[in-house]
Structures are given as C-alpha cells and as structure tokens.
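Please read the following report alongside the sequence and the model shown here.

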Amino acid sequence: AELKLWGGRFTGATDPLMNLYNASLPYDQKMYKSDIFGTKVYTAGLQKIGLLTEDELAKIHEGLAVIEKEWEEGKFIEKDGDEDIHTANERRLGEIIGRDISGKVHTGRSRNDQVATDMRLHVRSTLNELSTFLATLIDTILKRAEQEIEVLMPGYTHLQKAQPIRWAHWLSMYATYFTEDYKRLQQIIARLNVSPLGAGALAGHPYGIDREYLAAELGFDGVIGNSLTAVSDRDFVVETLFWSTLFMNHISRFSEDLIIYSSGEFGFIKLADAYSTGSSLMPQKKNPDSLELLRGKSGRVFGSLSGFLMSIKSIPSTYNKDMQEDKEPLFDALTTVEHSILIATGVISTLSINAIKMRDALTMDMLATDLADYLVRKGVPFRETHHISGSCVKLAEDLKLSGIDQLTLEQFKGIDERFNEDVFETFDFETSVERRTATGGTAKSAVLKQLENLKTQLK
Ligand code: ARG
C-alpha cells in the first residue's frame, strides 16, 4: 500500500485485478504533455504565493523537462503503483529531484482539478489539430468544385432522378456541411477553454492560489467560477463527442453518395487504387472499402457519445470515478475522426469522375418541372402547369417515346393550347441548370458564389 500516493490510511493491499481495473495509465499517458504543462504552471503558482522557493521551482521544472523527454522518446518506465498519468509523473519526479521537493508539488491540488485541467488542455490541442485537417478537407473539395464546374449530373431526391445539377453543386453541399462543422468546432474550443485548476478536490484552494494567473499561463480565457463545477464538469467531453458524431454523420452520407456513384450501375466516379481494395475470391472486384469504413465508423463514434452519456447520467455531483470513463470513448472518437478526415481528403482528391456517364444519366423527364415553369412564364398558375406537365409526361410514356422532348407541337397543343414552338427550348439541361441563379442554386454563377463564400469562412 505504501507504493501508492494515497496509501497512508491503508493497511491492506489492493486486489491485483482491482489495480488493473482502476488503472488509466494505459490510455491517459496520451496526456503526458498536458499533465506536465499543468504541473509546470501550477508549481509556478505555488512559488508566487510562497509555497515553493525559486530554487525548488527551478528543480521541479528541470525534472519535469526530463520526464517530458522520457515520454517523447518512449523511455518512460512505468512502475507498479502508477495508477494514472498524474501519479506516474509525480512518482518519477520524486526519483529525479528527490521526494523532499517533489512532495510539495501537489500542495493544494487534487487529481480532480488536475485531471480536469489536463483533459481540457489535451482536447483543446487535439481539436485545434482537427480544425487544420478539416480546413484542408474543405479546401480540397472547393478546389475540385472549381475545376469541374462545367460537369452536370442528376440531382436526386428519394434516390430518384429529380433535376439536373452541377457536380460542383453536390461538392459544394458537402463543403457547406463541413464548414458548419468547422465553425461549430471553433465554438466548442472557445467554450471549453476555461480553467478548473486551483479548485482543489472540490471545495477550493486553501492557500489563496491565483487561479486567474494559472488560467492565463495555461492559455485559458478565464477560470471556471465554481470549484464544484470545475472538478465535475465534463460537458466539454460530451460536446466534443456530439460534434464528432455529427461530423461522422456528414462523412457517412458523403460516403454513401459516393458508394452509390461508384457502383457499376451509376459509374459516375472511380476511386483511386489507393483507397480501394480487392476481393480474395473474385478477381474482377474493386471495392470502395475506404468509403464503407468512413460510413461504418460513424456508428462507432455515436457509440462513444451514447456510452459516455450513460456513464455520467446519474452520478452525484463533483468527482466520481465513473468520470475516468470519459477518456477511452473520447480518445477513440478523436482518433477515428482524425483518420476519417484524412482518408476522406485522400478519397476526394484522388477519385476520378466520368462526366459522360453523369451526363448520360440525365433524362428528359427531369425537365418536367422546367416544362411547368415554361407555362408559368406565360402566366399560367403553377398548380395548373404542374398538372399539364404531368399529362405531357404521361402521354410521352403512353406513346413509348424516349422523352417528353419527342412530343410534337400538335401533341403539346392537344394537351394545352398555350404551348408554342419555343417549348422545345425547354429541353436543354444547361438551360435548366442556368436558370437557377438565385442564391444557393445550381447555376454556374450561383455555385461559384457559394465556393467563394465558403472560402471566406475558413480562417
Ligand atoms: N485517473 C483519474 C481520472 O481519470 C484521475 C482522477 C482521480 N481522482 C480521484 N479522486 N481518484 O479521472
């Protein structure tokens, strides 16, 4: 029991399986940098209020630098009794600078405010990294959209052909989703960037530590105003997991579209070899595994969110060990999201499109709305023109024509007198697309504006 930092009041040994069950070092060692940073600043705060001499502080900072290097180089040796990253680092500091000094480091601090601080620092830096990767994904999509602005394809609702759109418009849709994700991420980073340090175990600091100083040194925008909240609040973990889930949902729909477009029946896109795999049995196969994994992993991230919410839903206030269960789902989700962003960026920057197949998939009935609009322009109410256009579609179908454009002027006039020779100008996909110039539409000018607008939103 004496190996443990908290061993003083214990006489019996911990069950070996309990030790394993209790230990978080296997996964929280990821936070070694944040933990060392937090201790560096905390001890500077202690020195400021006279609880450490300048000399002691210097020794502590030297020792911490050694420990950081050990972790970096994979040379940190874990020992029995190292429960988590906090206890491991403190134990090691004692070995390097002597327990007389290292034993003062934790004065007024608890692992409760320590772990809450470490987590916020760690999540902040990870989310900032994700932000950069996400901006690259968006940028990649925008570049592709600019380059392939001329390409038309079917737009779908209910996965049924609906109206012609630009391929760049489809790309811009996902760039819009991902840009919202990007902005939401900045909001989460701003909200989590407040300091729990100096809250102690729960009740506050008995030596009047300058919490504002600690916060500023750690790059936080302020302090959490209630010490009980400071140690117990994991809303930033929930928000990060929710953000990850929502983002993966967007990634999943993006992937699903591309899986459909890459099927033999559609043939709109082809994945690069780098992001496809083959079949062990069928020699001809090239499967979109990258996209299927992106789609599948969205479930795993949602599992992390729902699992963690379950873990904390009815724990009593302040710190409870249940909260240690925040780490594995959070870290797993963040790693999954990071890899997913990188894979999605790779997929979208290397796939090739088949513009001819996209265009050939456009059918004349997709211009039935434009046919209704033709009469609207002649003053007929839309409800009426909708019905008339429907009759044209039906007649063309009954006559087994290849499309509504094959009806003769007489047949059009037979349905409605107000059709004229110029009706045939309707049957052009470019014309249909180029009519949609209103903000957000699929006309070239409108899509280019979307792309420009999205660019300005990434700082
Ligand atoms: N490893 C713990 C965690 O991740 C650190 C906090 C432990 N605090 C305590 N009072 N047992 O939550």
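The report takes up the domains, the ligand shell and then the helix packing.

This is a predicted model, in which local features need pLDDT of at least 70 and side-chain atom pairs count only at pLDDT 80 or more, while totals for chains, interfaces and linings use all residues. Residues are numbered from 1 along each chain as its sequence is written.

**Domains and ligand shell**

The protein chain is assigned domain 1 (7–102), domain 2 (111–360) and domain 3 (364–427), with bounds that come from an automatic or database domain assignment. Between domain 1 and domain 3, the C-alpha centres are 78 Å apart. The ligand lies between domain 1 and domain 2, because both give residues to the shell around it. That shell consists of Ser 24, Asp 28, Asp 84, Arg 111, Asn 112, Val 115, Tyr 319, Lys 321, Met 323 and Gln 324, where a residue counts as near if its C-beta atom, placed from the backbone, lies within 6 Å of the molecule. Its make-up is three nonpolar, three polar and four charged residues; here Ala, Val, Leu, Ile, Met, Phe, Trp, Tyr, Cys and Pro count as nonpolar, Asp, Glu, Lys and Arg as charged, and the others, Gly among them, as polar. Helix H7 (residues 111–147) gives the most to this shell, with three residues; helices (H or I, at least four residues) are DSSP runs numbered from the N terminus.

**Helix packing**

| Helix pair | Axis distance | Angle |
|---|---|---|
| H7 and H8 | within 9 Å | roughly 165 degrees |
| H7 and H13 | within 9 Å | roughly 20 degrees |
| H8 and H11 | 10 Å | about 170 degrees |

Angles under 35 degrees count as roughly parallel and those over 145 as roughly antiparallel, with 65 to 115 roughly perpendicular and the rest oblique. H7 is therefore roughly antiparallel to H8, and the contact between H7 and H8 has 20 nonpolar, four polar and four charged residues.

H7 and H13 (residues 327–350) are, by contrast in heading, roughly parallel to each other. Their contact includes Phe 133 and Leu 137 of H7, and Leu 334 and Ile 341 of H13, with contact taken as C-beta atoms, placed from the backbone, within 7 Å. By class, the contact of H7 with H13 has eleven nonpolar, five polar and two charged residues.

H8 (residues 167–192) and H11 (residues 235–262) are roughly antiparallel. Among the residues making this contact are Tyr 174, Phe 178 and Arg 184 of H8, and Trp 243, Phe 247 and His 250 of H11. The contact of H8 with H11 comprises ten nonpolar, two polar and four charged residues.

Definitions and conventions. Axes are lines fitted to C-alpha atoms, for helices over the stretch in contact, and angles run from 0 to 180 degrees between N-to-C directions. Helices (H or I, at least four residues) and strands (E, at least two) are DSSP runs, numbered from the N terminus. Two residues are in contact if their C-beta atoms, placed from the backbone, lie within 7 Å.
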